[in-house]
Amino acid sequence: METEKTKESNESQISRILYDWADATRKGETKTILSNHAPDVLIFDVLAPLQYKGAEAYKKSWADWWPTSEDESLFDLQELSVTVSETVAFAHGILKCGNEPKIDWVRVTFCLIKTDGTWKITHQHGSMPMGK
């Protein structure tokens, strides 16, 4: 049975994983962006295609959309909320991303599984509101 201390530790670990993901993405650290994702992660991103099956498929798409700006782009994870049990968790938040003057707001959801004491992102979903 999960204790309150374990729950807080799991929430903290997951928050760190997600903030590290946002930080690595913002900095363009391509070697670490997916370091906490399962190899068979399923990713629904705001850009086509409809889905990416596996970390390698997602990596192959980066050349098509990665920002070419010399400066770091915004990629700020905000309003993060984590719900966790002993081996399964989900989290959601809002991403503020882009470069001035074009800033986008993206909704993000993550599903994680803990295996052998390590949390891995198994599903990541980003979406943008349509219309006003």
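Buried means under 20% relative accessible area, exposed over 50%, and partly exposed in between, with a 1.4 Å probe and protein chains only. The model shown here is predicted: local features need pLDDT of at least 70, side-chain atom pairs count only at pLDDT 80 or more, and totals for chains, interfaces and linings use all residues. Residues are numbered from 1 along each chain as its sequence is written, and side-chain values use heavy atoms, leaving out hydrogens and water.

**View 1. Glu11 meets Lys7 in helix 1.** These two side chains form a salt bridge, with the closest N and O atoms 4.0 Å apart. A salt bridge here is a side-chain nitrogen of Lys or Arg within 4 Å of a carboxyl oxygen of Asp or Glu. Helix 1 covers residues 4-27, and because Glu11 and Lys7 are four residues apart in it, about one helical turn separates them. Helices (H or I, at least four residues) and strands (E, at least two) are DSSP runs, numbered from the N terminus. Glu11 is partly exposed at 23% relative accessible area, and Lys7 is partly exposed too, at 30%.

**View 2. Asp76 reaches Arg26.** The closest N and O atoms of this salt bridge are 3.3 Å apart. The pair links distant parts of the chain, since Asp76 sits in strand 3 (residues 74-84) and Arg26 in helix 1, 50 residues apart. Asp76 counts as partly exposed, at 27% relative accessibility.

**View 3. Glu56 and Lys59 pair up in helix 2.** Their side chains meet in a salt bridge of 3.3 Å, N to O. Both residues lie in helix 2 (residues 55-65), three residues apart, or about one turn of the helix. Lys59 is partly exposed, with a relative accessible area of 35%. Elsewhere, salt bridges that share partners join Asp23, Arg26, Lys27 and Asp76 into one network. The structure holds seven salt bridges.

**View 4. Strand 5 pairs with strand 4 and with strand 6.** Two strands pair if DSSP finds at least two bridges between them. Strand 4 (residues 88-99) and strand 5 (residues 102-115) run antiparallel and are joined by twelve bridges. A hairpin of two residues connects them, and Asn99 has Lys102 of strand 5 as its bridge partner. Strand 5 and strand 6 also run antiparallel, with nine bridges; here Thr109 is partnered by His125 of strand 6. In the hairpin of strand 5 and strand 6, with two residues between the strands, Asp116 takes a positive phi near 50°.
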